[in-house]
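Subject: Structure for you to look over

Hello,

Here is the structure I promised to pass on. Please open it first, then read my notes below with the model on screen.

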Amino acid sequence: MDLSMNTFSNGIPREIGGLQNLMHLSLRDNKLQGSIPDSIRSMSALEFLDLSHNNVSGLIPKSLEKLQNLKYFNVSFNKLVGEIPSDGPFKNLSSQSFMSNEALCGSPRFRVPPCHTSTSKHRSKRKKVLLLAGIAIVILVPMAFVLVWIRYIRGKRTDPQQTVDSLYDVSTRERISYYELLQATDSLSESNLIGSGSFGSVYKGILRDGTHIAVKVFNLQLQAAFRSFDTECQVLRNLRHRNLTKVITSCSNLEFKALVLDYMSNGSLDKWLYSHNYFLDIKQRLNIMIDVACALEYLHHGCSFPVIHCDLKPSNVLLDEDMVAHLSDFGISKLLSEDESASYAKTLATLGYIAPEYGLEGLVSTKCDVYSYGIMLMETFTRTKPSDEMFDGDLSLKQWVNNSLPRAVMEVVDANLITP
């Protein structure tokens, strides 16, 4: 039920609690007054409740903690007072759910002041805190010096790359809810679709804080999509490089899995090579291929364990607003353990870019990525796909370019690069 952006006034009717099967209720951007009815606790199926941008006052009923299915709750821009509940679904909410309610108090994670208690309790707690602080200073300060010294000694023996990897295990942003992603992408509308592949589709969107994002939604009807999502999460959570697509966060439940990525405003290298509305000069193409090479160098030699991308091709190279290239789509990538130089994979990469040993035996190594990179390098400067109709039998893109060396290079180079 969506009744948002109307001119409804007066209070929210108590009878609304009788809608026990209602899952989605939006009353935002109205002129509603009065308090939040306690009867909402009876709406056991409720997953989405938006009361933002009204004139609702009073307390947030503590009884709403019983709404175990509630995933999205927003009462921002109202006149609410008192303590924000902290149990049940409120454990997973952020400060964005309670913005611009100046009289709310509670947990610091909601970015509101703590709730005041009586003076006597406050003084008693203050005495206890001072006592504990004194004990802590006497006991912990010497221990802290010892621990700092131990870490200093160990730090000298630690591999600096392992230190970097461990720092990046921690997520920098909390997960985004399913409903927030729907709002950001206009319910995954066709107008926001910017690409699709074997395991799902990618949509552009804008979060409430104005951040532009790309949402990679996996097609869970395919069993391989589950593996692809898990692989990307496993690989990308420990990778940080200016030429890799940055994953902001993820959204995952039993029926929906998506990765939230930085939005690349200039699309893919494939679009720039083959669309008549775009053009890359020779310097831009060279810089893009250097960017991809830097990403591969990091994946193969700059991580704790080598990472093999397994599907290098122009559509997986994305360009930001400054035309800096970012390698993306790690859905079939492989992690090599410390004692491995190669591994076997069941999922095939894109035909035309596959190294012979990968295509015949399923054996993957860092050399497979280097082979695919070579094919993409030739494609970038000839503007000819390895699957082009001209290649049949023994002739391939690789052989065609090889035959042009050293005197007939101008016959295979993209004609758009050859100026008078």
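Start in the loop between β5 and β6, where S100 sits. Keep in mind throughout that this is a predicted model.

S100 has a phi near 55°, which is positive although the residue is not glycine. Most residues other than glycine have a negative phi.

F77 belongs to the loop between β4 (72-74) and β5. With a relative accessible area of 36%, F77 is partly exposed.

There is also a peptide bond to check. Most peptide bonds are trans. The one joining L405 and P406 is cis, with omega at about 5°. You will find P406 in the segment after α9 (397-404).

**The chain as a whole**

The chain holds nine helices and 17 strands. Of its 420 residues, 42% are buried. The accessible surface is about 24,500 Å². Carbon and sulfur atoms account for 55% of that surface. Now take the contacts between residues at least 6 apart in sequence: 52% of them join residues at least 24 apart.

**Cysteines**

How many disulfides does a search of the whole structure find? One. C105 and C115 form it, and their sulfur atoms are 2.0 Å apart. The torsion about the S-S bond is about 95°, so this disulfide is right-handed.

Look at where the two ends sit. C105 is in strand β6 (residues 103-105). C115 is in the loop between β6 and α1 (119-157). The pair therefore ties together parts that are 10 residues apart in sequence.

Are the two ends buried or exposed? C105 is buried, at 14% relative accessibility. C115 is partly exposed, at 29%.

C368 is in no disulfide. For C368, the nearest cysteine sulfur is that of C310, 7.0 Å away. C368 is buried, with a relative accessibility of 3%. C303 is buried too, at a relative accessible area of 14%.

**Helices α6 and α8**

Next, turn to helix α6 (residues 282-301) and helix α8 (residues 366-382). Their axes come within 11 Å and cross at roughly 175°. An angle over 145° counts as roughly antiparallel, so that is how α6 runs relative to α8.

Which residues make the contact? From α6 they are I282, R285, L286, M289, I290, V292, A293, L296 and H300. From α8 they are T366, D369, V370, Y373, M376, L377, T380 and F381. By type, this contact has 12 nonpolar residues, three polar and two charged.

**Two more sites**

G88 lies in the loop between β5 (79-83) and β6. G88 is partly exposed, with 21% relative accessibility. Where does this loop residue make contact? Setting aside residues up to four places away in sequence, G88 touches E65 and Q68. Q68 is 20 residues from G88 in sequence. In space, the two are 6.1 Å apart, C-alpha to C-alpha.

E180 lies in helix α3 (residues 178-184). Is E180 buried or exposed? It counts as buried, because its relative accessibility is 9% and the cut-off is under 20%. Leaving out neighbours within four places in sequence, E180 is in contact with Q96, L207 and R208.

**Where to click**

- The disulfide of C105 and C115.
- The cis bond between L405 and P406.
- The positive phi at S100.
- The contact of α6 with α8.
- E180 and its contacts Q96, L207 and R208.

Best wishes

Terms used: Residues numbered from 1 in each chain as written. Predicted model: local features only at pLDDT ≥ 70, side-chain atom pairs only at ≥ 80, totals over all residues. Heavy atoms only, no water. Axes fitted to C-alpha atoms, helices over the stretch in contact; angles between N-to-C directions. Helix = DSSP H or I, 4+ residues; strand = E, 2+ residues; numbered from the N terminus. Parallel < 35°, antiparallel > 145°, perpendicular 65-115°, else oblique. Contact = heavy atoms within 4.5 Å. Nonpolar A, V, L, I, M, F, W, Y, C, P; charged D, E, K, R; others polar. Buried < 20%, exposed > 50% of the residue type's maximum accessible area, 1.4 Å probe, protein only. Areas by Shrake-Rupley, 256 points an atom, 1.4 Å probe, with all protein chains shown as cover. Disulfide = S-S within 2.5 Å.
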